[in-house]
Amino acid sequence: PMNALHGQILAAMSPAYRAAGYPEFMAWTTSRWARLSPFDGPTAPTNGVTLAVRVAQNDRRGEVVSVANFSDAAKTAVVSVAGLPGGAKPAYLTVRQAEYVAMPSRPWDADALPDAASVKDGWAVTLPAGLSRQLWLDVQVKPGACPAGTHRGELVVKVDGGPELRMPLTLT
């Protein structure tokens with residue numbers, strides 16, 4: 001949201017999502033290259049997200065997930081991983097949050113990808129009410145950062161004062 005009033009207007013969409021059967025918080029995904037606006041949302045109320053990243057040493061790959069906040073208030077969340085080499089905040093992973101920007105060719109686009117704020121056990125992200133926040137998992141494996149092979153774990157999004165969303169994450 002551009003300011004507090006804009007945030008209140010966007011939050012007004014939350015009751016409509018909940019009335020349509022969506023939970024207050026959920027994860028959903030699209031193609032990482034899909035153009036998203038603040039008004040794009042999940043096509044169905046489900047949390048059936050599975051994430052996978054295939055990356056070679058000295059290479060960089062990404063994966064995306066959107067976290068919807070259909071509660072009545074803006075929230076923050078901490079993003080971390082569980083079950084992968086390197087602990088909750090491995091050195092080979094950076095979390096970025098897409099920001100909506102005004103574009104001359106279309107009203108809005110989720111483009112800017114600043115790093116999410118680094119916190120003790122992960123990365124802090126903001127979740128505006130009535131919207132989805134697209135998160136990019138930026139995986140860059142340097143020598144010795146992660147053993148070769150397939151590792152299965154989870155991406156964990158712990159909403160402050162809310163639920164913990166857990167999504168299977170495979171890193172190969």
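Is Y22 buried or exposed, and what is its relative accessible area? In this predicted model, local features need pLDDT of at least 70 and side-chain atom pairs count only at pLDDT 80 or more, whereas totals for chains, interfaces and linings use all residues. Residues are numbered from 1 along each chain as its sequence is written, and side-chain values use heavy atoms, with hydrogens and water left out. Y22 is buried, with a relative accessible area of 12%, where buried means under 20% relative accessible area, exposed over 50% and partly exposed in between, for a 1.4 Å probe and protein chains only.

The structure holds 4 aromatic pairs, a pair being rings of Phe, Tyr and Trp (its six-membered ring) whose centres lie within 6.5 Å, with planes under 30 degrees apart counted as stacked, over 60 as edge-to-face and the rest as tilted. One of them is the stacked pair of Y17 and F70, at 3.8 Å centre to centre and 10° between the planes. Y17 lies in helix α2 and F70 in the loop between β3 (60-69) and β4 (75-82), so this pair ties together parts that are 53 residues apart in sequence; helices (H or I, at least four residues) and strands (E, at least two) are DSSP runs, numbered from the N terminus. Y22 and F70 form an edge-to-face pair, at 5.8 Å centre to centre and 80° between the planes, and Y17, Y22 and F70 form one aromatic cluster.

Helix α2 (residues 14-19) also contains S14, which counts as buried at 0% relative accessibility. Leaving aside neighbours within four places in sequence, S14 is in contact (heavy atoms within 4.5 Å) with residues including F70, D72 and G130.
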